[in-house]
Amino acid sequence: MKKILAVLASAAILMSMSITVFADSTEPAATTDEAVTISEEIAAPVTSGDSQMTEPTVKVDGRTLMFREDQPPVILNDRTYVPLRRVLENMGATVKWDDATKTVQVDSYDNITRILLTVDNPEITVYTFTSVLNADERKVTSDVAPVIMNDRTMLPIRIIAESMGATVEWDDSAYVTTITTQQAKRYAKTKDIDSSADGFVLESAIGADLPKLSLVCDAPEQVQNDDIVTLKLKLDNLAANDENAKVFSVTASILYDNDNFAYDGFRCISDSGEIAPALSAANAEFADGCAKVISLFLPSNAFLPDSEGTIMEIDFKALNSKGGNFSLSDGISELGNNTEIITTSDGEAYVTLANYKELYIDTTPVIVK
């Protein structure tokens, strides 16, 4: 009983913090001594002719990094620059900043690789440790150097990620950089999956046998102003890792067109019908065009999906008759995972399903006309 109360107390604190943070549009920047700023002209979004294009997207091991109030990735001199700490820490690396020398030290997740780089210097030093006391050293010269932008050290990500054994792919049409870390490739190998094969996509290759979250919608043939569009959040294959697993908590973030729709509430659905959570929170403007909802249950009320796999229904109100797209966010922000499930089988142990090894998040858009 004490453990249950402790879990609920921790969850209550987390929820209250989340509600506060969700509503706070003046999020403080991460603590750092970095203080040089690139001009706004250089830092402008990518453009093509007279048309402004979407800022670059960065995915690490199947999860999209969300920067919210932070400095987002940019294109400089035909290279994708990303915020150093956010991206590298999501790759499992440890990052240290020396303000006196404007030097960054990056240690890989397994402490085998150490990278040293200095702002405005294109030369990068890479150490590969062969023992505790010995490391092979090599110099790599990039055609671009790290810079500081809006108090954030920005890195040309390809050369850094590849020096850490990651694979980096760039989708020029969608402006998406996809990073598959060395540890993810090693994990794929344990599943007899060749990460070097043409067309390899980590989340779908790994996710075939995982619990799966997806959205479905029975929308009107032609949505009209003030219509309510209900999205169903489905959880399939819940018993993949534990045949006795039940849902204890649900966090879901929905990307939507907020010019055409407004968030209008949610409810949780179990195998016995609608079920009220012990704690819940929602924010229609967690990020631009992204609503986030959270529900938490008493351990005794942990539940199974209904017969169709539905665990939550989320309503949006049409603001006009233009329609739009909805999709689950697989993102990670400074507040953690945008979408995740916590399960329990005995009310004592709790398992979070969030990363590419634990949960397949189907981001296929649901189109409402």
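Met91, Ser108, Tyr109, Met164, Thr181, Gln182 and Gln183 line the largest cavity. On a 1 Å grid over the protein atoms alone, a cavity is a set of points where a 1.4 Å probe fits but cannot get out, and lining residues have an atom within 4 Å of a point. This is a predicted model, where local features need pLDDT of at least 70, side-chain atom pairs count only at pLDDT 80 or more, and totals for chains, interfaces and linings use all residues. Residues are numbered from 1 along each chain as its sequence is written, and side-chain values use heavy atoms, leaving out hydrogens and water.

How much space lies in the largest cavity? About 40 Å³, where a volume is the space filled by probe spheres set on the grid points, joined across faces, edges and corners.

Buried means under 20% relative accessible area, exposed over 50%, and partly exposed in between (1.4 Å probe, protein chains only).

| Group in H4 | Residues |
|---|---|
| Buried | Gln183, Ala184, Ala188 |
| Exposed, on the other side | Lys189, Thr190 |

The buried residues of H4 fall within an arc of 145 degrees seen down its axis, so they line one face of the helix; the arc is that of the directions from the helix axis to the C-beta atoms. Strand E15 (176-180) and helix H5 (202-207) are included in what covers them, with contact meaning heavy atoms within 4.5 Å. Just after H4, Asp192 takes a positive phi of about 60 degrees.

Notes: 1 Å grid on protein atoms, 1.4 Å probe; cavity = no way out; pocket = protein on both sides within 12 Å on 5 of 7 lines; lining within 4 Å. Helix = DSSP H or I, 4+ residues; strand = E, 2+ residues; numbered from the N terminus.
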